[in-house]
Every structure is written in C-alpha cells, then in structure tokens.
Amino acid sequence: MTATTGRVAGGPLGPKPSLRRKTSRGSLLADRAATVVLWGTGVFVLALLGAIIVHFAAAAWGVVSPSFVLSDPSDTGLGGIGPLLWNSIYMLALTMLIAIPVGILGGIYMSEYAGENPITSAIRFAEESISSVPSIVVGLFGLILFVDNFKWGFTVLGGALALTLFNLPLMTRLSEQALRAVPQEERTASLALGATKWQTIRHVVLPLAIPGLITGVILTAGRVFGEAAVLLFTAGLGTPPHYDFTNFKTFSLTDTNTAWWHSSPWSPLRPGTTLSVYIYKLQSEGLGVYVNQIVDGCAAILISMVLIFNLGARLLGRILTRRLTAA
Amino acid sequence: MAQLTSALPASGLRARPGLLARIDLPRRVVFAAASSMILIVALLMVFITWQGIQLFIADHVPVGQILAPTWQPDATNGPTSFGILPFIAGTVFVTGVALLISTPLSVGLALFLSEVAPRWARAIVQPALEIFVGIPSVVWGWLGITILVPFLADTFHKKIAISLPVVGQVFSMPGFLTGFSWLAGSLVLSIMILPTITSVSYDAFRAVPQELRTGSLALGTTRWQTIRHLLIPSALSGVLTAVVLGMTRAAGEALAVQMVIGNSPSMPAAITQPVTTLTSQITLDMGNTVFGEPWQDALWTMSLVLLIISITSVVLVRALNKRRMGS
C-alpha cells in the first residue's frame, strides 16, 4: 500500500503509515472526494454572495446617486426614492423605540428571574411560535387589529407595532443570550456585597452585557429594515406624496381634517410605504420605463444597509468588549 | 437564577424589607415584558382563528369544500368553489423541492464549517452566511425575476422527455414557457433557507463530543468515515430540527415566492409549470377583495392553515429537542 499516500484525517492524531493497512484505497478516495465536496459547499456560498454583491454594484452603477437617494419618485423620469428611504428609517426608529426596551426587559426576566416552571415554558413556547409564524400572517394580524378594529387605516404606527411584535422574540432571545454570557461570579460577588438583585442587574450585569445587547439591537434592526410582508397590509403600499420636513402638524384633537397630516413626514398616523415594500409594489405593477433601474437601485441600497448593519454590529461589539473589559 | 435569592444572609442580619422591596417592582416590570409575548400569541391565534372560520360560519361554505381541487372564488363567473387544495399542494411541493435542494447543500456546509474548514475559512464563511440571512426577501425575489427566471426560460424551453429502448417513453415534461415556475420558487427558497438549516445543523455537529471523533480516528477511520458513521447518526435529531425549521421558513415565505412562481391557481402538474402557494395567493388577493366577502374569508382560512402549519412545526421541534436531551 505504498501507493496510497493519502492524508488520513486528524493530522498528527492519524495512525502511522505502517498501521494504515486496513484503510483501503476506496475509503481513502471517498475521504478525498468528501473533502473536495465539502470545500465546494463553502466556496459555493462565498461565490454566490460575491456574485450577488457584484451584480448589484454593477446594476446600481449610474442609478444610485445623491439625487436618486434624496428626490421624490417621478412618473416620467428615473426620479428618486427619498420619501421611501425616509419611511424605512422612520419605521425602523419607531419600531426599535418599542422593541428595544421591551425586548431587553424581557431578556432580563428570561435570563435573571425565570425559573423552571410552566410560565417560563409558556413564554418560551410563545417566543418560538411568533418566530415561526409566517410574516404575512403577522401582517394580517396587524390588518385586523390596527387597520380594522382600531380604525387607524394604513399607518406607520400600525406597521411599526406589527413589526415590533414580529421581532420581539428575536430581540428578547438575543438580549437573554447577551445577559447569560455575563459570568455568574459577577452576580455572586455583587450579591455578597449586599446589593439587591435589581441593583446587581442594574449596575453589574447590564453594563457587562452592553456589547452583546448592542449586537442584538443591530441584528434586529437589520431584519426590521428589510421586512416587507408584515408592512404590506399594515402600512400600505401607495406612492408617498412629497414630504415637507418643516411640517410638524402630526396630531390634533380639534382639527377633524386629517388630510394635512399625510404630508407631514413626522406623523406616525399616515400611510408609510418603505423601501422594501416599494420594490414589491414596483415589480408587481411593472409600469414605466425605469422600473428595472429603480428596483435595482433600491435593492442595492437595501443590500448595502444589510452589509453596514452586519459589519457595524461586529465592529461595535468588538470595540465595546475591548473598552469595557480593559477598563 | 432562583438559587441565588435563596442564598441571602440570615434574616436576623437584614433589616425588614420595606414595602417597595416586598412588591419588587423591577421583577414585575421585566415579567410583564417577557409575558407580553404570551399575550401576543394568544391574540394572534384568536384573531386569525376567528377570521379563518368565518368562511364556514358566515358564508355557510361546507368545511369539506376547502379540500376540493377547484378555486373559483368569483361569484360573477358561475357557482363558487373555495377549494384551497391547489394552494396547500403548491406550498407542500414547492417547499418539498426546496428542502431536497437545500438540505444536502446546507448539511454539507455545516459539516464543512464544523469538521473540515480551517479557522480562516470559517472566519469568512460564517459572516457571509449572516449576510445571507439579512438579505430581504423582496431582494431574493427580484434576483429571481431578473436572473433565474430568464435563465430557466432561455436554457430549458424545450420539452424534456426520456425514452428507454424497449419500454418507450418513460418520462416527459413540458419545458419552461416563461420561466415563472415551481422550480424557480423552490430554487429561490432553497437559498433563503440555507442559512437556517446550516446554522442549526452546525450547532448539532459541534455538540458531538470531541472524544468521539478522536476515538473514531484512533481506530484508523478516515475523516469521511467518521462523519458518515459517527457524526451524522449522533447529530441526526439536531439535523432534523434544522430541516423542520427550514421547512417552516420556506412554507411561510411570501413575497420572494410570489414573485417567481407564476401564480396559477391549479393543481401543480410539472416542476417547469407555474403554480401557486398559500402565501402568494394571500399576498395577491388580499388587497383586491372586500372585507367580509366569501373570497376574502377564504384567504383568512388559508392564513389559518399557515398558522396551524407553523404551530405544528414548533411542537415538532420541541419533541425533537426533547428526544435529543433524553438520549
């Protein structure tokens, strides 16, 4: 068997050549083939991601410009996506405003307080259920609750609430993981010094968990930013009007004429088509000469945001960990 | 961390807790945040179930009719029939083929990451997978429309037939007319669920104790033999969990699928032909129907079916996990 010079797996742990008699040529070949195939899967994924990024970079070339990002959509020309991008950012801010506190507080309960009891397992079941319910069904729930029952119509607030309840499990789970990663000794030491449980959580556990919590926030934000199915029936899919950013008339109990708040970009009680929903709307209508360019531009912006959110979470987490552990 | 509260100093050393401490407000607040998810799930189930059964209660459609193969919701075109079987079959078939494509690829990738990849390769592929998770579904759908669908239509537009010498023609399938098809939907989905199946199976492979690998390699097996006969059997329930989670995500995905499968509300005939799914029919019709009419009630029934599918899969995953913990 001197011809079979194939490397046996395990490197230094592998048997010496003289002991290798039992390993037949066939199984060595199979091992080689498997190694090649398994490497192939890794190369495939990287190549696919590379191709997607290159594709959108090329497609967005000549489309995405400052004026495309900032100006209003146009019926005749290329126009822009300014109001859509604004709605995406506004929707994200409104969603995170609710999801961050509730998610982190829920994470604190699951990590610091929850015992092995039926209520905890009911919360876990609820958490897993919401995560696995299709986003379109969550959107329909928002349609019944906010649009029909509350009689809000299509609103940014309704969309943000639907997005919140869809992403709450993720935010809670990521917060719980971040808090659980804090070493038990820190808690014991704090309690031994006479701090109450809440003082321990507030002044010891939470500060130590900040890098993990921020990573969780950014990952959730990334998912919220690209979501469309939840918003289709809660925030609407019309083309937004021109937004006048100096118009702060967002709510009035006396003025029954609601038309004006639709043009205030600051109002949460107006329809708000986001960038992802706009992609869906444009491709399904398919009208206009510039549809392909506009959708490519929107998709390129969404992909760049995904990249920024991911790299941002990684980088910020690393910097904060270094800062906090060095101090 | 209930055991820590029991480790408080003896009561004699401690001042009698004040009213505020006895109420333990922080605990109540974090509990409310965590248990809000139970409320959300309960509300969601109640609302979707209530709307979903209106087809039988308010519109007096016999329950058995939803299993009919004809979808004729528009009363102006003759007698109505609310058979949602084509959509259920579409969801099952499109998801099934997506799993057939994605499972080997994802499990291979998980094996690559856990057994084969050197540290540097893992450090590139894992972040790449996280970016895959973040890419919004409308962007996958758009890639499907602009690249995959034209590719299928151009490359495989001829009829596909296989003939054997004696038996004659054993298999024939019409070619792609437009490219919008069952296969296009499955291919898009298979990439979308790849990160889910990969990361869960990766965790399952990592959970196999290192000693088992070392022991197996010391017996003179190759790496592939160790993977094939040791790792895959030991991690099987974890891999199954991954497949169920991937299946749930695929069955619930709405926009990306709707954009590429052609939306033909008839029973799926061939993988090259347009089909439709529960999610895509809901997405398409919900905006064009009036609240309370039988047509829309049938869409709510379809979303109830989706809800039942996802809750079932949560229960299934829990059972699989319990089995894994038990063994």
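The legends below describe close-up views of a predicted model. In this predicted model, local features need pLDDT of at least 70 and side-chain atom pairs count only at pLDDT 80 or more, while totals for chains, interfaces and linings use all residues. Residues are numbered from 1 along each chain as its sequence is written, and side-chain values use heavy atoms, with hydrogens and water left out.

**View 1. The interface of chain A and chain B.** Chain A brings 88 residues to the contact and chain B brings 81 residues (contact: heavy atoms within 4.5 Å). About 7500 Å² is buried between the two chains, and carbon and sulfur atoms give 80% of this area (buried area: accessible area, 1.4 Å probe, lost by two parts on being put together, summed over both).

**View 2. A salt bridge between Glu128(A) and Arg318(B).** The closest N and O atoms of Glu128(A) and Arg318(B) are 3.0 Å apart. Two salt bridges are found across the interface of chain A and chain B (a side-chain nitrogen of Lys or Arg within 4 Å of a carboxyl oxygen of Asp or Glu). On the side of chain A that touches chain B, helix α1 (residues 25–60) gives the most, with 18 residues (helices: DSSP runs of H or I, at least four residues; strands: E, at least two; numbered from the N terminus).

**View 3. Thr196(B) in helix α8.** Helix α8 of chain B spans residues 182–206 and contains Thr196(B). Thr196(B) counts as buried because its relative accessibility is 19% (buried: under 20% relative accessible area; 1.4 Å probe, protein chains only). Beyond its neighbours within four places in sequence, Thr196(B) contacts Leu245(B), Gly246(B) and Arg249(B).

Definitions and conventions
Chains lettered and ligands numbered in written order. Buried < 20%, exposed > 50% of the residue type's maximum accessible area, 1.4 Å probe, protein only.
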